[in-house]
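Subject: Structure handover

Hello,

Here is the structure I promised you. Please open it, then read the notes below.

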Amino acid sequence: QHNKAINANPLSGLPGNIEIVDTVCDLMKDHKKFAVLYCDLDNFKAYNDTYGFLRGDDVILYTRDVLREAVRQLDLKDCFVGHEGGDDFVVITDVASYEPLAETIIRLFDSEVKQFYTKQDQKRGYIEAYNREGQYRRFRFVSVSIGIVTNHETEFESYPEVISIAAEMKKHAKATNGSSYSVNRRKQ
């Protein structure tokens, strides 16, 4: 218990990197089928730049609560929810549950995220901030992109291989405006 507390993310209290890696590696070692949902917030930097880090922390905690609530609503007993850091979260579940779980996460996230914006920004439907290139532009509300990888039809050798493909799928999801998910459909 002490080691878990030490390795937990200090903001969210969720298991951090060490437990995320250990969980995936244990599943691979035991030859169990699983799905990894790699969740990342879109437009979060613009939100932080506009509203400040304390309000940004509230969005991180909201995301944690959404992930836990999605797992609870679907009654997923052996589901793991971890916080890699920043606005990156990892959820590990069984292969049969990943799609309903991703859809539930998106539905829950999108249903209440507007509460973190001023009435004026809610009315406009966007905020204005500088992007990473220093250009002032409009940003949609924070949304969630989920990259999903399973070992249902593909065997993985290592955690870096799993998370690399999950990150690639997350990049595909981010190419869509608003909350979305993308699943690795490759077969070995």
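The largest pocket holds about 470 Å³ of space. A pocket is an open set of points on a 1 Å grid over the protein atoms alone, where a 1.4 Å probe fits, with protein on both sides within 12 Å along at least five of seven lines. Its volume is the space filled by probe spheres set on the points. This is a predicted model: local features need pLDDT of at least 70, side-chain atom pairs need 80 or more, and totals for chains, interfaces and linings use all residues. Residues are numbered from 1 along each chain, and side-chain values use heavy atoms, without hydrogens and water.

The largest pocket has 23 lining residues (an atom within 4 Å of a point). Asp 42, Asn 43, Phe 44, Arg 137 and Phe 139 lie nearest its centre. α3 gives the most to this lining, with 4 residues. Helices (H or I, at least four residues) and strands (E, at least two) are DSSP runs, numbered from the N terminus.

The second largest pocket has a volume of about 220 Å³. α2 (17-29) and β3 (88-93) each supply at least two residues of its lining.

β3 pairs (at least two DSSP bridges) with β1, antiparallel, over 6 bridges. Cys 39 stands opposite Phe 89 there. β2 (80-85) also pairs with β3 in the antiparallel sense, over 5 bridges.

Best wishes
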